[in-house]
Amino acid sequence: MAPGHAVSSQSAHYDVMLVEIWYHQSMDADDVLAKIEPRVGSEALAHAWYKSKPLTGFDGKTAMQLVEAGKAQQVIDYIDGIDAGVYA
């Protein structure tokens with residue numbers, strides 16, 4: 001294997017990791033609202049859920065509080081968990 005090829009492979013892997021980190025860090029309220037709206041039935045209900053519903057396992061914090069703390073991905077994962085029956 002040529003030395004340049006190994007660097008390219010490592011570089012490609014590093015680039016993929018950076019994209020994944022960027023994607024998770026760039027999630028925000030809009031992503032959470034888009035994820036929950038189909039489950040609650042309307043934009044108004046999604047906003048109400050986002051602002052006022054304490055989430056199980058997050059010390060009584062709402063989705064809004066978690067997103068403001070930079071934890072939008074955890075909220076998305078929580079919603080996915082509901083869909084999978086984890087928090088039923």
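This is a predicted model: local features need pLDDT of at least 70, side-chain atom pairs count only at pLDDT 80 or more; totals for chains, interfaces and linings use all residues.
**View 1. Overall surface and fold of the protein.** The protein exposes about 6000 Å², of which carbon and sulfur atoms supply 57%. Of the 88 residues in the protein, 23% are buried, and among contacts between residues at least 6 apart in sequence, 36% join residues at least 24 apart.

**View 2. The largest nonpolar core.** This core holds 17 residues, and those that touch the most other members are V32, W49, Y50, L55, A63, V75 and I79. Helix 2 (29–40), helix 3, helix 4 and helix 5 each supply at least two residues of the core, with the largest share, 5 residues, coming from helix 5.

**View 3. The surroundings of W49.** When residues up to four places away in sequence are not counted, W49 touches V32, I36, L55, A63, V75, Y78 and I79.

**View 4. The aromatic pair of F58 and Y78**. A search of the whole structure finds 1 aromatic pair. The ring centres of F58 and Y78 are 5.9 Å apart and the ring planes stand at 75 degrees, so the pair is edge-to-face. Because F58 lies in the loop between helix 3 (43–52) and helix 4 (63–68), while Y78 belongs to helix 5 (residues 72–83), the pair ties together parts that are 20 residues apart in sequence. F58 counts as buried at 19% relative accessibility, the cut-off being under 20%, and Y78 is buried with a relative accessible area of 6%.

Key: Residues are numbered from 1 along each chain as its sequence is written. Side-chain values use heavy atoms; hydrogens and water are left out. Rings of Phe, Tyr and Trp (its six-membered ring) pair if their centres lie within 6.5 Å; planes under 30 degrees apart count as stacked, over 60 as edge-to-face and the rest as tilted. Helices (H or I, at least four residues) and strands (E, at least two) are DSSP runs, numbered from the N terminus. Buried means under 20% relative accessible area, exposed over 50%, partly exposed in between (1.4 Å probe, protein chains only). A nonpolar core is a set of buried Ala, Val, Leu, Ile, Met, Phe, Trp, Tyr and Cys residues joined through side-chain atoms within 4.5 Å. Contact means heavy atoms within 4.5 Å. Accessible areas come from the Shrake-Rupley method with a 1.4 Å probe; for residues, only the protein chains shown count as cover.
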